[in-house]
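Subject: Structure handover

Hello,

Here is the structure you asked to look at. Please open it next to this email and follow along; my notes come after it.

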Amino acid sequence: MRIALCQMTASTDPKENLAQVVDLVRRAAAEGARLAVLPEASMARVGVPPGLVAEPLDGPWAEGVRAVARETGVTVVVGMFTPAPGGRVANTLLATGPGVEESYDKIHLYDAFGFRESDTVAAGERVVTIDVDGVRVGLATCYDVRFPELFRAHADAGATVSVLPASWGAGPGKRAQWELLVRARALDATVWLAAVGQAAPDQDADPEVATKAPTGVGHSALVGPDGTVRARLDAAPGLLVAEVDPEETGRVRRAVAVLDNRRL
């Protein structure tokens, strides 16, 4: 399966961002991708009050994503904000494409490094997988990467691939943590992991200097089930299309049966 890692820099304007999403999905389709993964908060960058931009899953922003998925025949996974009870929002991944209509609300909220996502966002509760061309794919978002049990739950549900849209925070050692964690989660669950982050709004900013909100550091990567990085982007916006071999997941699991050998 060909998978597209679509690294973009979201602005504060959902309409502008939808235009970016549409362009990236069309470009991914032109390169033969069957699954296009875009960052967390592609609807509007983290730091914008999410209640001002949130729309339901049948609203115009999501419908615009569905339209390009229908046009291209590509399954799209993209981050947006949806209304939640109590005046909060959900940090939602919309997954839509041929035979796919699903959503995932981020389970682990980013209350770390001085940022409190839970002040405005309600946590999700469901583990979600989708099927793309017969390949089961698990959905996770950004801070979820620090919790290996979610990726093992994907594997237990039959996933051989997990996708991780993100808007990673800058700061001392944070990019190194991103690279370490995405490789570790692929190893923990013996899955392919497509980690797709926001590119930083200021390309000249030092990624070792913390920003007020986690607006992205780029460095999206496709990691194999053995933990090796198979393809990666740098800090700038870009599109990377690469091959995923689901059968390799089975070979790695037979060689290193960490899922079967669990005791806890």
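Threonine 190 touches Pro225, Thr249, Val252, Arg253, Val256, Val258 and Leu259, leaving out residues up to four places away in sequence; contact here means heavy atoms within 4.5 Å. Threonine 190 lies in the loop between α4 and β11 (192-197). Helices (H or I, at least four residues) and strands (E, at least two) are DSSP runs, numbered from the N terminus. With a relative accessible area of 2%, threonine 190 is buried. Buried stands for under 20% relative accessible area, exposed for over 50%, and partly exposed for what is in between (1.4 Å probe, protein chains only).

Before going on, note that this is a predicted model, in which local features need pLDDT of at least 70 and side-chain atom pairs count only at pLDDT 80 or more, while totals for chains, interfaces and linings use all residues. Residues are numbered from 1 along each chain as its sequence is written, and side-chain values use heavy atoms, with hydrogens and water left out.

The sheet with β11

β11 belongs to an open sheet of six strands with mixed pairing, in the order β8-β9-β10-β11-β12-β13. Two strands pair if DSSP finds at least two bridges between them. At the edges stand β8 and β13 (229-232), each of which pairs on one side only. On average, neighbouring strands of this sheet are turned by 20° against each other, direction ignored. Helix α4 packs on the sheet and touches β10, β11, β12 (221-223) and β13; the direction of α4 makes about 155° with that of β11. Such axes are lines fitted to C-alpha atoms, for helices over the stretch in contact, and angles run from 0 to 180 degrees between N-to-C directions.

Taking the strands in turn:

- β8 (residues 129-132) and β9 (residues 135-139) are antiparallel and share four bridges, with isoleucine 130 partnered by valine 137 in β9. Their hairpin has two residues between the strands, and aspartate 133 takes a positive phi near 50° there.
- β9 is mostly covered, as four of its five residues are buried. Three bridges join β9 to β10 in a parallel arrangement, and glycine 138 stands opposite serine 162 in β10.
- β10 and β11 run parallel over six bridges. Leucine 164 has alanine 195 in β11 as its bridge partner, and proline 165 stands opposite valine 196 in β11.
- Six of the six residues of β11 are buried, so β11 is largely enclosed by the rest of the structure. Trp192, Ala194 and Val196 point one way from the strand, and Leu193, Ala195 and Gly197 point the other way.

The other sheet

A sheet in the order β5-β4-β3-β2-β1-β14 is also open, has six strands and shows mixed pairing. Its edges are β5 (100-105) and β14 (238-243); each has a single partner strand, so one side of each is left without a neighbour in the sheet. The twist from one strand to the next averages 25°. β1 (residues 2-7) and β2 (residues 35-37) pair in the parallel sense over three bridges, and leucine 5 has valine 37 in β2 as its bridge partner. Helix α1 (residues 14-30) packs on this sheet, touching β1, β2, β3 (75-83) and β14, and its direction makes about 35° with that of β14.

The cores

Which residues touch the most other members of the largest nonpolar core? They are Ile3, Leu35, Leu139, Val163 and Leu164, out of 50 residues in that core. A nonpolar core is a set of buried Ala, Val, Leu, Ile, Met, Phe, Trp, Tyr and Cys residues joined through side-chain atoms within 4.5 Å. Leaving aside neighbours within four places in sequence, the contacts of valine 163 include Ile3, Leu35, Val77, Leu139 and Leu193. A second, separate core has 36 residues, among them Ala36, Val46, Val48 and Leu109.

Aromatic rings

The whole structure holds four aromatic pairs. Rings of Phe, Tyr and Trp (its six-membered ring) pair if their centres lie within 6.5 Å; planes under 30 degrees apart count as stacked, over 60 as edge-to-face and the rest as tilted. Tyrosine 110 and phenylalanine 115 form a tilted pair, 5.8 Å centre to centre with 35° between the planes. Tryptophan 168 and tryptophan 178 form another tilted pair, at 5.2 Å and 50°.

Regards
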